[in-house]
Amino acid sequence: MAVRFEVTKECQRSRARLGRLYTTHGVIETPVFMPVGTQATVKTMAPHELEELGVEIILSNTYHLYLRPGSDVVQEAGGLHKFMNWPRPILTDSGGFQVFSLAPLRTITEEGVEFRSHLDGSKHFFSPEKAMEIQMALGADIIMAFDECAPYPADRRYVKESKDLTTRWAKRCKDAHKRTDQALFGIVQGGVFKDLRRESALELMELDFPGYGIGGLSVGEPKELMYGVLEDLVPVLPKDKPRYLMGVGSPDCLVEGVLRGVDMFDCVWPTRLARHGMVITRRGNLPIRNLPYARDFGPIEEGCRCYTCQNFSRAYIRHLIKANEILGIRLTTIHNIYFLTRLMRDIRAAIAADNLPEFATEFLSAFTGEK
């Protein structure tokens, strides 16, 4: 099998667990956060820098790479790993979320989705089979089934029809997927309706995927609603398969997700924040581009061991960002990715030491400012 997952320790006081995910390009310690490299690059970062930061796996985007440079170009280059010179594991999403975010530009049928490119308006068509063809050409270690991501809010009838379509498409994806060195994960849908989420999980489990994504959350619903869905859904999913909460990356959500048994996360959030002059600290997000930091000669965060904090002040980073110097957003990106990578390492250590609830309470209190 292309991917093998083992649970190495279960937390006795929460649903958290430690695990190892074995892939063609290496072993991933879970719980893990995956930085997003939409266009086969994590913005502003070289692959060797990501390795130095401790990043174990990155995510790339099927929709964007299909449009530019084309999956045929990536395949001709020897696959995504060689094309971008990244030796560690890669996960590609199916393109479903990007296609469905183009609401005015797409038409959904049983067969698939016709959409117009956001680049030039040209017409394209994604079916489950096409999504598999593209992802097999890209050659990531883990690929995702083509699904429909229902928006929030959406009425129950629409969400049920969307969930049923996702199940039918998942069967077609499994039939079309032929590469034995890749693992195809199914995606649980169902919006915020707990019974539909359970139905989706059980339907996908009948297809026996090697892992399960949880899609359609963090799309505008309150965080407490998302946590409630996870509380109800995660116990339904197989214990011996990885659980992947898609599109979630803020530190409080990572901690809350792990407590509820999630193993994998991804999000553009840390790199997008960095490009807007915002950095993550244990006491919340800090708008370093703002005036109060013009003469602040301390690091972003005392005690942080990232390259940025070891070498540069808030004042200097603010100056770079205000001057539109590329180094500014490179430095904020380095810090933000390091912060989340370190957070996941600390979470794993807390699970191993049997003190995750205490760690979570302390971290969340400091990060959110709520006692």
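Visitor: Before we start, what counts as a salt bridge here?
Guide: A side-chain nitrogen of Lys or Arg within 4 Å of a carboxyl oxygen of Asp or Glu. This is a predicted model, where local features need pLDDT of at least 70, side-chain atom pairs count only at pLDDT 80 or more, and totals for chains, interfaces and linings use all residues. Residues are numbered from 1 along each chain as its sequence is written, and side-chain values use heavy atoms, with hydrogens and water left out.

Visitor: OK, how many salt bridges does the structure hold?
Guide: There are 30. Take Arg 330 and Glu 49, whose closest N and O atoms are 2.7 Å apart. Arg 330 lies in helix α14 (residues 326-352) and Glu 49 in helix α1 (residues 47-52), so this pair ties together parts that are 281 residues apart in sequence. Helices (H or I, at least four residues) and strands (E, at least two) are DSSP runs, numbered from the N terminus.

Visitor: Is Glu 49 buried or exposed?
Guide: Buried, because its relative accessibility is 15%. The cut-offs are under 20% relative accessible area for buried and over 50% for exposed, with partly exposed in between (1.4 Å probe, protein chains only). Arg 330, at 23%, counts as partly exposed.

Visitor: Which residue does Arg 260 pair with?
Guide: Glu 231, with the closest N and O atoms 3.2 Å apart. That pair also links distant parts of the chain: Arg 260 is in the loop between α10 (251-259) and β14 (264-267), while Glu 231 is in helix α9 (residues 223-233), 29 residues apart. Arg 260 is buried at 12% relative accessibility, and Glu 231 is partly exposed at 36%.

Visitor: And what about Asp 346?
Guide: Asp 346 bridges to Arg 282, closest N and O atoms 2.8 Å apart. Here helix α14 is linked to the loop between β15 (278-281) and β16 (284-287), 64 residues away. Asp 346 is partly exposed at 23%, and so is Arg 282 at 26%.

Visitor: Which residues are linked in a network?
Guide: Lys 160, Lys 163, Asp 164, Glu 199 and Glu 203, joined by salt bridges.

Visitor: Switching to rings: how many aromatic pairs are there?
Guide: The structure holds 10. Rings of Phe, Tyr and Trp (its six-membered ring) pair if their centres lie within 6.5 Å; planes under 30 degrees apart are stacked, over 60 edge-to-face, and the rest tilted. Phe 312 and Tyr 316 are stacked because their centres are 5.5 Å apart and their planes at 20°. Phe 363 and Phe 367 stack too, with centres 5.8 Å apart and planes at 10°.

Visitor: Where do Phe 363 and Phe 367 sit?
Guide: In helix α15 (residues 356-368), four residues apart, which means about one helical turn separates them.

Visitor: Which residues form an aromatic cluster?
Guide: Tyr 63, Tyr 66, Phe 115, Phe 126, Phe 146 and Trp 169 form one.

Visitor: Last topic: how many residues are in the largest nonpolar core?
Guide: 97, and those with the most contacts inside it are Phe 265, Ile 347 and Leu 356. A nonpolar core is a set of buried Ala, Val, Leu, Ile, Met, Phe, Trp, Tyr and Cys residues joined through side-chain atoms within 4.5 Å. Helix α14 gives the most to this core, with 11 residues.

Visitor: What does Phe 265 touch, leaving aside neighbours within four places in sequence?
Guide: Its contacts (heavy atoms within 4.5 Å) include Val 32, Phe 33, Tyr 244, Leu 254 and Met 344. There's also a second, separate core of 19 residues, with Ala 2, Leu 59, Ile 142 and Phe 185 among them.
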